[in-house]
Amino acid sequence: AIVNAAPKAKSTGGATGIYLKNIQKDFKDFHEDDANAAISTFLYEYLEIKCGQKDGFEKANVSKKIKLNIKKQYGDLTDFKINQISIFGYSKSLNAATIKYKVSAGYGIGRDRKEKLYEIHYTLQLKDEFEDSTFLNCKNCGAPLEEASGECKYCGMKHIRDTITNWVVTSILEK
């Protein structure tokens with residue numbers, strides 16, 4: 001007799017240890033556990049919305065693009081579990097910093113068990129979209145800043161940006 005086995009959890013791979021050092025060097029208040037919790041919360045709420053159990057995000061900080069592009073697949077979401085979260089990429093420019101996560105998660109929908117791999121991008125805007133120089137000029141003397149936080153090399157004014165609450169999920173891809 002053939003027995004249908006439950007799908008196996010997907011492996012994320014990744015290089016969290018390598019990228020995390022650079023992220024924490026760039027953002028002293030970045031905490032891996034907090035970021036992982038935010039990613040987990042996002043994915044759970046995303047699946048709740050996708051399954052029709054919820055209308056919108058309540059706790060996750062999510063870009064408008066994601067909110068508008070969720071394709072519904074109605075059914076009861078049960079037994080949600082994050083198997084593994086790892087960082088597989090990190091980039092930083094004057095405008096934004098983006099951490100690329102791979103997340104292995106499993107859940108029940110109806111009678112089926114799904115094990116999926118997701119690519120999730122978690123972004124901090126260092127320059128606001130609609131303001132040309134929000135974080136790129138010194139608020140004291142107006143000189144250009146090389147970093148979103150730090151010290152102005154012209155007048156010595158310290159600039160600090162709260163990076164704890166400003167990270168936003170900007171992309172999700174199901175693999």
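Start at Ser91, which stands opposite Thr98 in strand β2. These two residues sit in a stretch where β1 (residues 77–92) and β2 (residues 96–109) run antiparallel, joined by 12 bridges. For pairing, DSSP has to find at least two bridges between two strands. Three residues separate β1 from β2, and the two strands form a hairpin.

Before going further, a word on what you're looking at. This is a predicted model, where local features need pLDDT of at least 70 and side-chain atom pairs count only at pLDDT 80 or more, while totals for chains, interfaces and linings use all residues. Residues are numbered from 1 along each chain as its sequence is written, and side-chain values use heavy atoms, with hydrogens and water left out.

How confident is the predictor? pLDDT is its confidence in each residue, on a scale from 0 to 100. The mean for the protein is 83, and 84% of the residues reach 70 or more. A contact here means heavy atoms within 4.5 Å.

Now the overall layout. The protein has three helices and six strands, in the order α-α-α-β-β-β-β-β-β along the sequence. These are DSSP runs numbered from the N terminus, with helices being H or I of at least four residues and strands being E of at least two. Of the 175 residues, 40% count as buried; the cut-offs are under 20% relative accessible area for buried, over 50% for exposed, and partly exposed in between, using a 1.4 Å probe and protein chains only. Taking contacts between residues at least 6 apart in sequence, 58% join residues at least 24 apart.

Just after the helix, Gly52 takes a positive phi of about 80 degrees.

On to the aromatic rings. A search of the whole structure finds seven aromatic pairs. The rings of Phe42 and Tyr46 have centres 5.7 Å apart and planes at 35 degrees, so this pair is tilted. Rings of Phe, Tyr and Trp (its six-membered ring) pair if their centres lie within 6.5 Å, and planes under 30 degrees apart count as stacked, over 60 as edge-to-face and the rest as tilted. Phe42 and Tyr46 both lie in α2, four residues apart, about one turn of the helix. An α-helix has 3.6 residues a turn, so residues three or four places apart point the same way. Both Phe42 and Tyr46 are buried.

Another tilted pair is Tyr44 with Phe80, with centres 5.1 Å apart and planes at 55 degrees. This one links distant parts of the chain, Tyr44 in helix α2 and Phe80 in strand β1, 36 residues apart. Tyr44 is partly exposed at a relative accessible area of 33%, and Phe80 is partly exposed at 22%. Elsewhere, ring pairs link Phe27, Phe30, Tyr101, Tyr122 and Trp167 into a cluster. There's also a charge over a ring: the charged end of Lys102 sits over the ring of Phe88, 5.0 Å from its centre. The test is NZ of Lys or CZ of Arg within 6 Å of the ring centre and within 35 degrees of the ring normal.

Asp79, in strand β1, has a positive phi of about 50 degrees although it is not a glycine, and it is exposed, with a relative accessible area of 57%. Arg111 lies in the loop between β2 and β3 and is exposed at 87%; its C-alpha is 8.9 Å from that of Asp76, 35 residues away along the chain. In the loop between β3 and β4 you'll find Asn137, partly exposed at 30%. Leaving aside neighbours within four places in sequence, Asn137 is in contact with Gly142, Ala143, Pro144 and Leu145.

Terms used
pLDDT = per-residue confidence, 0-100.
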